[in-house]
Amino acid sequence: MSISGVAKRIEAYAGRPNELIQALQLVQEELGYVPAEVQGQIADTLGVSIGQVHGVVTFYHLFRTRPAGRHTIRLCLGTACHVLGADRILTALEKQLCVPVGGTTEDGLFTLDVVRCLGTCSLAPVMMIDEDVHGRLTPERVFAILETYATSKEEPG
Amino acid sequence: MSRREVLVCSGTACRSAGAMEVHRRLSDLIVEYGLGDEAVLTETGCAGPCSQGPLLRVMPDDVLYTQVRPEDAEEIVRDHLMGGRVVCRLLWEGHESLSSIPFFSHQKKSVLANSGVIDPDRIEAYEANGGYEALRRVLTAMSPEAIIEAVEASGLRGRGGAGFPTGRKWRFTSDAPGEPKYVVCNADEGDPGAFMDRAILEGDPHAVIEGMTIAARAIGAERGFIYVRAEYPLAIQRLEAAVVQACDRGWLGRDIQGTGFGFQIDLRIGAGAFVCGEETALLASIEGRRGVPRSRPPFPAQSGLYGRPTLINNVETFANVRTIFRDGPEAYSAIGTESSKGTKVFALAGQIRNTGLVEVPIGTTLRQLVFDIGGGVLEGRELKAIQIGGPSGGCLPAELLDVPIDYESLGEHGAIMGSGGVIVLDDTACMVNVARYFLDFTASESCGKCVPCRVGIPTMRDILVRITEGEGTFEDLDRLEELAELVKSTSLCGLGQTAPNPVVSTLRYFKGEYVAHIEDRICPSGVCQALAPPYTIDPEACKACDQCAKVCPTDAARGTPGEPPYVIDEALCIRCGACFKACPFGAVARVVRR
């Protein structure tokens with residue numbers, strides 16, 4: 001969806017400042033991030049200050065202010081994952097994708113994020129790619145999993 | 001041939017292990033063999049032992065199959081469903097009936113009774129198991145006052161962590177002046193290591209809806225919210241479906257079951273902020289603001305959502321409610337200890353054999369939980385500590401295994417019940433590193449409102465970093481204790497007040513590890529890279545196979561193939577452990593200096 005298309009859908013939240021987070025979630029779902037210009041439109045439409053919108057966007061981890069790749073990787077850094085070697089998985093991911101945490105690969109295929117806990121501790125170490133959970137990771141398995149996304153899931157994002 | 005039902009666990013863990021592929025294969029085979037009338041496939045929520053997934057349970061025989069792969073499906077269909085013969089190779093340690101498996105036989109499932117048994121996407125299945133009967137009874141035969149009295153009499157306490165008496169909370173909200181009133185379900189399960197709320201929402205969402213509706217009747221609310229974290233897409237999907245079904249069947253809506261009482265539930269999806277698990281921060285987030293806690297009083301019961309009286313309970317608390325009205329408050333309070341009633345769900349994870357979700361009467365000991373149910377630590381390892389209660393909790397040593405798990409006993413020993421996350425740590429874990437890990441967590445999740453939390457936690461964290469890097473001093477330990485007290489006593493909300501707990505409890509029970517890091521410059525478990533002892537090769541055991549030299553990234557392991565022994569150059573060794581893992585003869589070990 002285009003930025004102007006999203007702006008239209010925000011109209012549904014006109015004058016409803018209490019639904020700021022839902023409006024932002026809608027934008028992020030459609031565009032993959034919340035561009036600065038849309039933040040301004042949301043402020044005007046909902047009747048809140050731009051400062052408040054920006055404050056909320058930067059407070060919550062899930063909002064992005066830059067475009068994300070086609071697939072978002074979220075590596076869990078919860079306690080169980082930590083004691084079972086999440087740091088090695090992180091190193092493997094950074095090395096394989098050649099991006100630091102928060103970065104997007106040059107081909108736009110993957111964005112690498114870390115999260116505090118995915119609540120799938122029984123499968124530690126764990127990561128989510130989009131909405132799929134991948135557990136019991138080893139550096140070797142990470143490479144194989146990334147490969148399946150790079151090749152077989154090439155449908156337009 | 002008798003009619004059988006195959007329960008396919010489709011919780012997140014089993015899905016990730018391939019449960020849906022198994023389901024598809026079974027479904028195809030049932031059609032292929034024309035078993036439509038004799039075999040039913042049911043997708044259920046989490047059945048418990050996640051480490052054994054994908055799980056299948058065949059009823060009414062009550063046979064549990066573990067680690068099932070799609071290629072096992074044919075044998076299950078032909079031998080068991082058609083032939084009535086159990087497929088022994090897929091049983092858990094040979095147990096032919098689920099009830100004889102130790103993982104299950106030591107549990108008491110009440111809140112989780114439906115999870116892993118019924119299809120969470122079908123309200124009919126919930127109703128057929130006695131679902132919404134409690135709500136019907138409450139609406140037709142009980143006054144709001146009687147409902148609150150029953151919850152008070154049950155002794156139920158909040159399952160989110162603090163353990164506040166639920167009945168009292170309901171009474172405060174009921175008595176508070178102001179209209180309208182709200183019921184809020186806290187499903188922002190943020191504690192790392194806790195996943196019981198996720199499993200309840202995925203496996204039995206109607207139990208939460210029923211509990212909330214009973215609460216709404218008790219306090220006189222017409223509107224409710226479930227605040228669920230975005231990291232749980234399956235839970236969100238099941239909840240959304242459950243709310244729609246409950247409306248269709250008249251268990252939610254303007255006029256519930258023709259009683260004239262109306263209650264509606266909306267979902268609010270979190271946006272990733274740990275602090276939103278704190279109730280005032282959660283309310284701010286529902287109102288579309290930054291999730292920053294405020295001081296209490298006024299408590300949400302007096303002034304909550306939009307300044308109105310608001311009842312906030314956690315998922316597991318609401319899921320307990322229907323049991324109180326189904327079995328009666330006396331039966332409910334017959335389980336548990338003097339001060340803590342009922343059962344509690346725990347999430348077992350970490351360095352333990354059986355990971356997953358378990359439910360036991362409150363007052364069960366840690367030993368029963370970790371060994372009888374959890375199967376203990378992995379082969380060849382020793383239990384070092386049990387981390388309970390997440391970043392607000394503490395690390396208890398193996399000597400305290402016989403402590404009963406209830407709110408007071410855990411508190412006495414420096415941990416908390418918390419939401420019930422239990423991370424088992426074996427002798428490969430470094431307790432200083434664990435303390436540092438938790439402070440990293442709370443430092444990055446502090447909302448920044450209170451200076452002691454915003455500045456104090458990172459300061460403590462920096463001290464721990466120094467210690468783990470070999471630059472710590474004994475003054476640092478005093479400083480840590482001072483700061484812990486300061487942050488604890490001067491922060492506004494639970495996040496800051498409890499953030500020092502992992503440090504305090506590891507200093508209390510594992511001071512020797514801190515001393516080893518500071519005095520001997522050694523990390524005894526080898527986790528802290530800078531302080532890990534180097535590796536060495538036992539010349540007697542070395543067979544000069546060259547495996548260690550092949551994997552060594554710094555050429556520290558050297559020798560001539562076929563001419564033992566190989567040696568490791570201590571100056572070049574980066575303590576990565578690659579040689580240790582590669583050696584087929586167990587010849588590589590850490591240098592022990594102490």
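**A strand pair, its sheet and the chain contact**

In β4 of chain A, A:Val133 is the bridge partner of A:Met128. Strand β3 (residues 127-129) of chain A pairs with β4(A) in the antiparallel sense over 3 bridges; strands pair if DSSP finds at least two bridges between them. Strands here are DSSP runs of E of at least two residues, and helices runs of H or I of at least four, numbered from the N terminus. The model is a predicted one, in which local features need pLDDT of at least 70 and side-chain atom pairs count only at pLDDT 80 or more, while totals for chains, interfaces and linings use all residues. Residues are numbered from 1 along each chain as its sequence is written, with chains lettered from A and ligands numbered from 1 in the order in which they are written.

Stepping back, the open sheet holds 4 strands in the order β2-β1-β3-β4 (chain A), with mixed pairing. Because β2 (110-115) and β4 (132-134) of chain A stand at the edges with a single partner strand each, one side of each is left without a neighbour in the sheet.

Chain A also meets chain B, in a contact (C-beta atoms, placed from the backbone, within 7 Å) that takes 32 residues from chain A and 40 residues from chain B. On the chain B side, α1 (12-17), β9 (343-350), β13 (421-426) and α17 (431-445) each supply at least two residues.

Elsewhere in chain B, helix α22 (residues 511-518) has buried residues, among them B:Tyr514 and B:Ile518; buried means that 20 or more other C-beta atoms, placed from the backbone, lie within 10 Å of a residue's own. Their cover includes α17, α18 (451-468), α19 (474-490) and α21 (501-509) of chain B.

Key: Two residues are in contact if their C-beta atoms, placed from the backbone, lie within 7 Å. A residue is buried if 20 or more other C-beta atoms lie within 10 Å of its own, exposed if 12 or fewer, and partly exposed in between; C-beta atoms are placed from the backbone.
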